Amino acid sequence: MTTTTTVPRTPLRPTTVPARRRRVLPGPSTIARVVVLAVATFLTLGPVLWTLWIAVTPKAAGGGGGGFSLSAFSEVFSKVDMVLLVWNSALVTGLCAVGQMFTAALAGYVFARVEFRGSRALFGIVLATMMVPLQVTIVPVFMLIRGMGLSDTLLALILPAIPTAFGTFLMRQYFLGLPAELAEAAAIDGAGPFRTFRSVYAPLAMPGLAIVGILAFNFHWNEFFRPLILTISEQNFTLPLGLVTLQGNLGTGSVATVLAGVVLSMIPALVVFFFGQRPLREGLTAGTSK
C-alpha cells in the first residue's frame, strides 16, 4: 500500500501591475513663463551671438560670404593701439571703482550710524542727484575741469566719477542692516566712529562693497559719453571711444573689424563678472534671511 504525501500549496500573491504614469501637461502659466524666458534669452544673447558670428566670419573683399577666420581681430590691432586703449580704460575704470567703493563706504556709514543735524535733508539731496541726467551736468563739470587745468587728461574722467549717489544709498542700506550693538560694544572698548568703521563695520560690508565695485567697473568700462566730451587727443582715448575709429571715414570701415573690437572689449568685463559673481550674489541676497 502506497501513501501519497500532499505538499501544501502556497497561495499565489496577486501581482499588481503598476499603473502607467500619466504625463502631466504643463499648464498655461508654465507655458507663458517658458515663452517669456525664451524671448528674454533671445533678446539678451541674440545680439552677442550675432556679433561674435560676424567677427569670426568676415566677408571677402568682393562681398562674398567668408568662412571662419580670425583676420578681423588681427586687423583691429593693426588699425588702433589696443594696448594703449586697454591701459587707459583699465586705469580709469579701476580708479573710478576703487574711489567709489571708498567714498560710498564712508558716506553710507556716516548716514547710517552717525547722527548729526540735517543728516536726513543732506541724504535727500544726495538721492536727488540721481534724478539729474548726466547730459545736464556735463557742461558744469567740463567748466570745472577746464578751470582746474585738467582738460584732455585721464584725471578729467576719474575725479568727477568718484562720488556716487547710488553707491552711498546702497551702502547706507547695507550698514542699516548690520547690528547696532556692534557700535555700542566698540564704544564701550573706547573706539571712536572711524575706528569702529574700520575695524568692525568695514569687514562686514565687503559684499556690499563688491556690488559697488562691480557695477562701477561695468559702467565705466563701457562708458562713451564722458570720454567723448572730456578728451580730445587720441592718447587719452578709452577703449569704447577708440573703437569708433575702426568705422573709418563716414562709416566705411569693415563691419567685421568693428565687431571684432567689440568682442575684445567685452572680454575684461566678462572676466570681472565671472570672478565677482559670487560676492555679487552674496551681497544682493544679504539680509533677505535672518
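The model is predicted. Its largest nonpolar core has 22 residues, and a second, separate core has 14. The salt bridges number 2; one pairs K79 with E75, and the other pairs E223 with R226.

**Largest nonpolar core**

- Among the 22 residues of this core, F73, V76 and M82 are the ones that touch the most other members.
- Two or more residues come from each of the helices α1 (28-56), α2 (71-79), α3 (82-113), α10 (206-221), α12 (239-242) and α13 (255-285).
- The biggest contribution is that of α13, which supplies 7 residues.
- Apart from neighbours within four places in sequence, F73 has contacts with A55, V56, A260, V263 and L264.
- As general background, nonpolar side chains in soluble globular proteins tend to be buried together.

**Second core**

- A separate core of 14 residues has A104, Y109, Y174 and A205 among its members.

**Salt bridge K79 to E75**

- The closest N and O atoms of K79 and E75 are 3.2 Å apart.
- Both residues belong to helix α2, where K79 and E75 are 4 residues apart, or about one turn of the helix.
- K79 counts as partly exposed because its relative accessibility is 46%, a value that falls between the 20% and 50% limits.
- E75 is also partly exposed, with a relative accessibility of 28%.

**Salt bridge E223 to R226**

- The side chains of E223 and R226 form a salt bridge with an N to O distance of 2.5 Å.
- E223 has a relative accessibility of 9% and therefore counts as buried, the limit for that class being under 20%.
- R226, at 6% relative accessibility, counts as buried too.

**Q100**

- Is Q100 buried or exposed? Q100 counts as buried because its relative accessibility is 9%.
- Which residues are in contact with Q100, leaving aside its neighbours within four places in sequence? They are A161, I162, T164, V212, A216 and H220.

Note on methods:
Residues are numbered from 1 along each chain as its sequence is written. This is a predicted model: local features need pLDDT of at least 70, side-chain atom pairs count only at pLDDT 80 or more; totals for chains, interfaces and linings use all residues. Side-chain values use heavy atoms; hydrogens and water are left out. A nonpolar core is a set of buried Ala, Val, Leu, Ile, Met, Phe, Trp, Tyr and Cys residues joined through side-chain atoms within 4.5 Å. Buried means under 20% relative accessible area, exposed over 50%, partly exposed in between (1.4 Å probe, protein chains only). Contact means heavy atoms within 4.5 Å. A salt bridge is a side-chain nitrogen of Lys or Arg within 4 Å of a carboxyl oxygen of Asp or Glu.
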